[in-house]
Amino acid sequence: MAEGSVSLEEVKTSFQKFAVHGDTKATGKEMNGKNFAKLCKDCNITDGKNVTTTDVDIVFSKVKAKSVRVITFEQFNQALTELAPKRFKGKNKEEALQQLYGLVVGKEPANIGVTKATKAAAVDRLTDTSKYTGSHKERFDETGKGKGKAGREDIPDTSGYVAAYKGSGTYEDKVKEA
């Protein structure tokens with residue numbers, strides 16, 4: 001392969017970044033099918049018309065060895081060589097491959113927008129402690145923070161005074177005066 005505007009080392013660094021994505025045991029020398037599909041999607045190799053995700057999976061299966069689930073960098077180059085004419089129709093293989101390398105170089109796996117937490121009005125309404133009534137209301141203070149064990153159980157008053165006695169804590173003062 002003739003090296004033009006893009007060097008193979010730059011393509012290899014992108015290959016390694018995608019190869020280790022999502023796999024703690026990966027070395028960066030081999031890439032699985034999921035990460036190859038992610039690379040094609042993140043680098044805009046799959047455009048939905050000329051190159052689809054199905055095409056990417058078929059090319060991956062073609063270039064990998066029969067009993068293996070991963071491809072090496074050489075097989076990765078072979079896969080890009082097969083995808084290049086499909087992605088850039090009307091150009092010769094070398095020009096198309098160089099443009100495909102241009103799409104891959106400098107890219108990293110994107111994590112933004114992968115999973116989104118939904119915020120439903122029903123959940124907000126159900127978890128708003130200011131709207132709680134009855135015994136549930138006693139479990140939270142004014143700020144909405146839980147009181148812990150004090151909010152769940154009746155803790156007995158062990159002060160020695162009757163429950164509604166107004167002068168609790170004044171016995172010591174009365175004894176000192178006498």
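Let's start with the order of elements. Read along the sequence, the chain runs α-β-α-α-β-α-α-α-α-α. That gives eight helices and two strands. Keep in mind that this is a predicted model.

Now the overall shape. How does the radius of gyration compare with that of a compact globule? For 178 residues, a compact globule would come out near 16 Å. This chain has 33 Å. The C-alpha trace spans about 110 × 35 × 35 Å along its principal axes.

Next, the surface. As for burial, 25% of the 178 residues count as buried.

Contacts, briefly. Take the contacts between residues at least 6 apart in sequence. Of these, 54% join residues at least 24 apart.

Charges. The chain has 31 positive and 25 negative charges. Their mean positions lie 6 Å apart.

Let's move to the aromatic residues. How many aromatic pairs does a search of the whole structure find? It finds five. One of them is Phe15 with Phe73. What kind of pair is that? The ring centres are 5.4 Å apart and the planes meet at 65°, so the pair is edge-to-face. The cut-off for that label is a plane angle over 60 degrees.

Where do the two rings come from? Phe15 sits in helix α1, residues 8–20. Phe73 sits in helix α4, residues 73–87. The pair therefore ties together parts that are 58 residues apart in sequence.

Buried here means under 20%.

The two belong to a wider group. Phe15, Phe36, Phe60, Phe73 and Phe76 form one aromatic cluster. On your screen, pick out those five residues and you have the cluster.

Back to helix α1 for another residue: Val20 lies there. Val20 has 34% relative accessibility, so Val20 counts as partly exposed. Which residues does Val20 touch, leaving aside those up to four places away in sequence? They are Ala26, Thr27 and Gly28. Then there is Met31, 11 residues from Val20 along the chain. The C-alpha atoms of Val20 and Met31 are separated by 7.7 Å.

Most residues other than glycine have a negative phi. What is the phi of Asn44? Phi of Asn44 is near 60°, a positive value in a residue other than glycine. Asn44 lies in the loop between α2, residues 33–42, and α3, residues 53–63. With 45% relative accessibility, Asn44 counts as partly exposed.

The other loop residue is Gly106. Find it between α5, residues 93–104, and α6, residues 121–127. Gly106 has a relative accessible area of 63%, so Gly106 is exposed. How far apart in space are Gly106 and Gly169? They are 74 Å apart, C-alpha to C-alpha. In sequence, Gly106 and Gly169 are 63 residues apart.

To recap. Five phenylalanines form one aromatic cluster. Within that cluster, Phe15 of α1 and Phe73 of α4 tie together parts 58 residues apart in sequence.

Terms used: Residues numbered from 1 in each chain as written. Predicted model: local features only at pLDDT ≥ 70, side-chain atom pairs only at ≥ 80, totals over all residues. Heavy atoms only, no water. Helix = DSSP H or I, 4+ residues; strand = E, 2+ residues; numbered from the N terminus. Rg over C-alpha atoms; globule rule 2.2 N^0.38 Å. Buried < 20%, exposed > 50% of the residue type's maximum accessible area, 1.4 Å probe, protein only. Contact = heavy atoms within 4.5 Å. Lys, Arg positive; Asp, Glu negative; His and termini not counted. Charge placed at Lys NZ, Arg CZ, Asp CG, Glu CD. Phe/Tyr/Trp six-rings, centres within 6.5 Å; stacked < 30°, edge-to-face > 60°.
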